[in-house]
Amino acid sequence: MDDRQADGADPAVLAGELRVAVGQLVRKLREQTEGSDLTRSQASVLLRIERDGPATATALARAEGMRPQSMAKIVAVLQDAGLVGGAPDPADGRKTLLSLTGAAREQFRTGRLAKHDWLTQAIGSQLSAEEAARLASCTDLLKRLAQSP
């Protein structure tokens, strides 16, 4: 028996409890930015462009694991909503590079602020100082898990 199991932390049980708790937290954070009419696929594309920079629709489709026709529909909706704009690719003028508009960047900023504000308030009101310190010590562990292959 390894140290984790000797301490009563069965990895299978812990994995299940952690999955449920993280899922509940993610749902609560999403609630803080309710009112967005974006689907998960549309939001995922916006997040990818924000993280990786301008990209063609073909590159986005490949990265998101979807057909180019499906990506074309998503891009059209995002362009109509004023969240994505296109410009000729400097390397190949036949292609269009898609990038976030100022409106999309502002939505990300305000959404993140709302989530941060809610989480700050929840930590301050729901956790004791000792519990907040324990939570702080867990963030590095959660980051390591998130980076695990």
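The legends below describe close-up views of a predicted model. Residues are numbered from 1 along each chain as its sequence is written, and side-chain values use heavy atoms, with hydrogens and water left out. Because this is a predicted model, local features need pLDDT of at least 70 and side-chain atom pairs count only at pLDDT 80 or more, whereas totals for chains, interfaces and linings use all residues.

**View 1**
Helix H3 comprises residues 40-52, where helices (H or I, at least four residues) and strands (E, at least two) are DSSP runs numbered from the N terminus. Its 13 residues reach 18 Å from the first C-alpha to the last, close to the 18 Å expected at 1.5 Å a residue, the expected span being 1.5 Å times one less than the number of residues. Gln42, Val45, Leu46, Arg48 and Ile49 of H3 are buried, a term that stands for under 20% relative accessible area, with exposed meaning over 50% and partly exposed in between (1.4 Å probe, protein chains only). An α-helix has 3.6 residues a turn, so residues three or four places apart point the same way. The buried residues of H3 pack against helix H4 (57-64), helix H5 (68-80), strand E1 (84-89), strand E2 (92-100) and H6, with contact meaning heavy atoms within 4.5 Å. The face turned away from this buried side carries the exposed residues Arg40 and Arg51, and just after H3, Gly53 takes a positive phi of about 95°.

A search of the whole structure finds 7 salt bridges, each defined as a side-chain nitrogen of Lys or Arg within 4 Å of a carboxyl oxygen of Asp or Glu. One of them joins Arg48 to Asp52, with the closest N and O atoms 3.5 Å apart, and both residues lie in helix H3, 4 residues apart, about one turn of the helix. Asp52 also meets Arg51 in a salt bridge of 3.3 Å, N to O, and Arg51 counts as exposed at 54% relative accessibility. Arg48, Arg51, Asp52 and Glu64 are linked in a network of salt bridges.

**View 1. The Lys28 and Glu31 pair in helix H2.**
The side chains of Lys28 and Glu31 meet in a salt bridge of 3.8 Å, N to O. The two residues are separated by about one helical turn, because they are 3 residues apart in helix H2. Lys28 is partly exposed, with a relative accessible area of 37%, and Glu31 also counts as partly exposed, at 42% relative accessibility.

Leu18, Val22, Val26, Leu142 and Leu145 make a nonpolar surface patch of about 370 Å². Patches are made of residues with over 30% relative accessible area and no salt bridge, like charges being joined within 9 Å and nonpolar side chains (Val, Leu, Ile, Met, Phe, Trp, Tyr) within 5 Å; accessible areas come from the Shrake-Rupley method with a 1.4 Å probe, and for residues only the protein chains shown count as cover. Helix H2 (11-31) and helix H7 (129-146) are the elements that give two or more residues to the nonpolar patch, and the largest share, 3 residues, comes from H2. Val22 is found in helix H2 and is partly exposed, with a relative accessible area of 38%.

**View 2. Surroundings of Leu83.**
Leu83 has its place in the loop between H5 and E1 and counts as buried, at 4% relative accessibility. Not counting residues up to four places away in sequence, Leu83 touches Leu38, Leu46, Leu78, Ser99, Leu100, Thr101, Ala103, Ala104 and Gln107. The C-alpha atoms of Leu83 and Glu106, 23 residues apart along the chain, are separated by 9.8 Å.

**View 3. Ala57 in helix H4.**
Ala57 lies in helix H4 and, at 27% relative accessibility, counts as partly exposed. Leaving aside neighbours within four places in sequence, Ala57 is in contact with Met71, Val75, Thr96 and Leu98. The C-alpha atoms of Ala57 and Ser70, 13 residues apart along the chain, are separated by 9.9 Å.
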